[in-house]
Amino acid sequence: MLLHFPKNLIYFVVPLGLYFLFASLLQKPFGLWGISLAQLGCLALPAYWGRQHLAEKQFKTPNIKDVLLTLLLTFFAIWLINILMSIQENFYPMPQALEQHFEKLMQMQSTSETIAKTIILTFTPAICEEMLFRGFLQPLWKKDLGQKGILLATFFFALCHGNFLYFHFYFLLGLFLAGLKEWKQNLWLCILAHLLNNLCTLFTVNPSP
């Protein structure tokens, strides 16, 4: 069999299931802030607890050279993925309903809305998703499956975004982040790269408040 699932798959299924449940419930009283609260409580917190059992020091202060190199590589990865997305759009454009959904989600009409959506759609997911996927699941499953564990964590990272039309693009982004984690063993750099990607996405779709 090319790939078998680890016995501790529950460490992915339970947090993600709780996240989707509470994200929906918390949006009623808190609006989009409910998404951030659910990510912090259901993704980042379990990952923080879980990684205490991993023999890794993941949060290390990066040096300037590594930060600059990460920024450079991330810009290149974003540029490459955007080219591939443009090519796909020429043959398989995003359904209009889905496009309108994303445009409405990222629409910012005031300074306060811009600040709020920057936090909700860029900072919080960059931190929470990296803590779960690169900080916890990737090293956990790597111990169980070797290099296949890295691919499995990347696969679920792409899958949990729920956009199957762009699944392969999320997978490519996940591979880049996974490679960065394996290369530098520093979760701060993964968070920085993920944050830069999110910021580029948000302000490319809606460049002005």
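I started with Gln-39, which sits in helix 2 (helices are DSSP runs of H or I, at least four residues, numbered from the N terminus). This is a predicted model, so I kept the cut-offs in mind: local features need pLDDT of at least 70 and side-chain atom pairs count only at pLDDT 80 or more, while totals for chains, interfaces and linings use all residues. Numbering runs from 1 along each chain as its sequence is written, and side-chain values use heavy atoms, with hydrogens and water left out.

**Gln-39**
Buried or exposed? Gln-39 counts as buried because its relative accessibility is 5% (buried is under 20% relative accessible area, exposed over 50%, partly exposed in between, with a 1.4 Å probe and protein chains only). I listed its contacts, meaning heavy atoms within 4.5 Å. Not counting residues up to four places away in sequence, Gln-39 touches Tyr-19, Ala-44, Ile-120, Thr-124, Pro-125, Cys-128 and Glu-129. I also checked Gly-162, 123 residues along the chain from Gln-39: the C-alpha atoms are separated by 15 Å.

**Thr-74**
Next came Thr-74, in helix 3. Thr-74 counts as buried because its relative accessibility is 2%. With residues up to four places away left out, Thr-74 touches Phe-176, Ala-193 and Leu-196.

**Helix 5 against helix 6**
I looked up the axes of helix 5 (residues 111-145) and helix 6 (residues 147-159): they come within 7 Å and cross at roughly 145°. Axes here are lines fitted to C-alpha atoms over the stretch in contact, with angles from 0 to 180 degrees between N-to-C directions. On the helix 5 side, the contact residues include Phe-133, Leu-137 and Trp-141; on the helix 6 side, Ile-150, Phe-156 and Phe-157 are among them. By class I got 9 nonpolar, 3 polar and 4 charged residues (Ala, Val, Leu, Ile, Met, Phe, Trp, Tyr, Cys and Pro are nonpolar, Asp, Glu, Lys and Arg charged, and the others, Gly among them, polar).

**Core**
Which residues of the largest nonpolar core touch the most other members? Of its 38 residues, they are Phe-12, Tyr-19, Leu-132, Phe-133, Phe-136, Leu-137 and Trp-141. Such a core is a set of buried Ala, Val, Leu, Ile, Met, Phe, Trp, Tyr and Cys residues joined through side-chain atoms within 4.5 Å. Helix 5 gives the largest share of this core, 9 residues.

**Confidence**
The chain averages a pLDDT of 89, and 94% of the residues score at least 70 (pLDDT is the predictor's confidence in each residue, from 0 to 100).

Note on methods: Helices (H or I, at least four residues) and strands (E, at least two) are DSSP runs, numbered from the N terminus.
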